[in-house]
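Dear colleague,

I am passing on the structure below, and I would be grateful if you could look through it alongside the notes that follow.

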Amino acid sequence: MALAGVRVIELAGLAPAPFCGMILADFGAKVIRVDRTKALMSLDTQGRGKRSVAINLKTPEGVTLLRKLCVQSDVVLEPYRKGVMEKLGLGPQQLLEENPRLIYARLTGYGQSGPYAAAAGHDINYVALSGLLSRLGRSGEKPYAPLNLLADFAGGGLSCALGIVLALLERTKSGKGQIIDASMVEGAAYMGSFAWKSRSIGMWDRPRGQNMLDSGAPFYDTYETADGRHVAVGAIEPQFYTQLLKGLELDAGALPPQMSFTDWPELRRIFTARFASRTQADWGRTFDGTDACVTPVLSLDEASAHPHNRQRASFVRDAGGGESPRPAPVLSRTPAAPCLAADPLVGEHTAEVLNEFGFAAADVDRMLAAGVVESNAVRAKL
């Protein structure tokens, strides 16, 4: 796999950093999640392919142990607020002095500088500060945050993973590591570059929810079908719009012009009534094989069963029967090979990992007895 041989220390966190770690693990990196001791369970639902070491960072020996793991690794991924790692003596400057090749990724909401650097926040706050939230929502309604995807995962975990891969590539030339300051505000804003850069061509001149790509256009929206389900319509280009009207059995000559903003409400009324006259499956039979850009809105449980996704094996099933998306993109020679075993228990691999890092069995036993580390290797022994 593409990242085979890369060793990553991931400090346990929520959502964005675990996703970043899972991406790296999916593509071959050896990701070791450092959990807290006395934790009954991990909240990391994206632990695929990782191993877990439980370390008590409230003890000096635990901090020293984590330092040793970090400086013997390629990447450190930490999700804490600014200053937390420095207080432990594990900040990037300290660790890079010991290992100049280390890549130290800091994934936070607001970044490592600025008035909000130490402030709490969540995806909705970061998207709000990025400017993007102001453009999301229906006309006449308040701004609407679409799940916690834009900042946490696109602008956070995925952006940070890109930064890590770029730093690994650059290290092959310079031999040096570096610090990655991954701000979810900036990551979300960067994902939305199109919104900024397309203002110059009038893409967003109208209020929220009244533009072509924000649900304002009747030919770029979702519609309810006769069975209470929905279809998605994206017939922007004239040739695709023509196919849409053909499938809906509508006469273009009897309709207002496609790009007449003032007539969009009337076009939407006509489309709404027409789509409501048949079921989602009926419309599927009508539009499949055409370029009308009409697709069914599938649930998470339905997506893997769609013929296209099934043929491409776009979803995988783990040992416990859980289903999730296959890692993307697909590389031709070194594709991802996601681990299908159960996600790691807290401390499941403590002894195994410490042995790999050169600690003798007697030292591991002593640390276990002293409460410096914890082991939960029951499943591994079964």
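Arg106 has Asp181 in β6 as its bridge partner, and this belongs to the 5 bridges that join β5 (residues 103-108) to β6, the two strands running parallel; strands are DSSP runs of E of at least two residues and helices runs of H or I of at least four, numbered from the N terminus. Please keep in mind that this is a predicted model, in which local features need pLDDT of at least 70 and side-chain atom pairs count only at pLDDT 80 or more, while totals for chains, interfaces and linings use all residues. Residues are numbered from 1 along each chain as its sequence is written, and side-chain values use heavy atoms, with hydrogens and water left out.

The sheet as a whole is open and mixed, with 7 strands in the order β6-β5-β4-β1-β2-β3-β12, where pairing requires at least two DSSP bridges between two strands.

As for helix packing, Gln243, Leu244, Gly247 and Leu248 in α9 meet Trp283, Thr286 and Phe287 in α11, contact being heavy atoms within 4.5 Å. These contact residues divide into 4 nonpolar, 3 polar and no charged, where Ala, Val, Leu, Ile, Met, Phe, Trp, Tyr, Cys and Pro count as nonpolar, Asp, Glu, Lys and Arg as charged, and the others, Gly among them, as polar.

Finally, Thr334 lies in the loop between β11 (323-325) and α14 (350-356), and Thr334 touches Met1 and Ala2, leaving aside residues up to four places away in sequence.

Best regards
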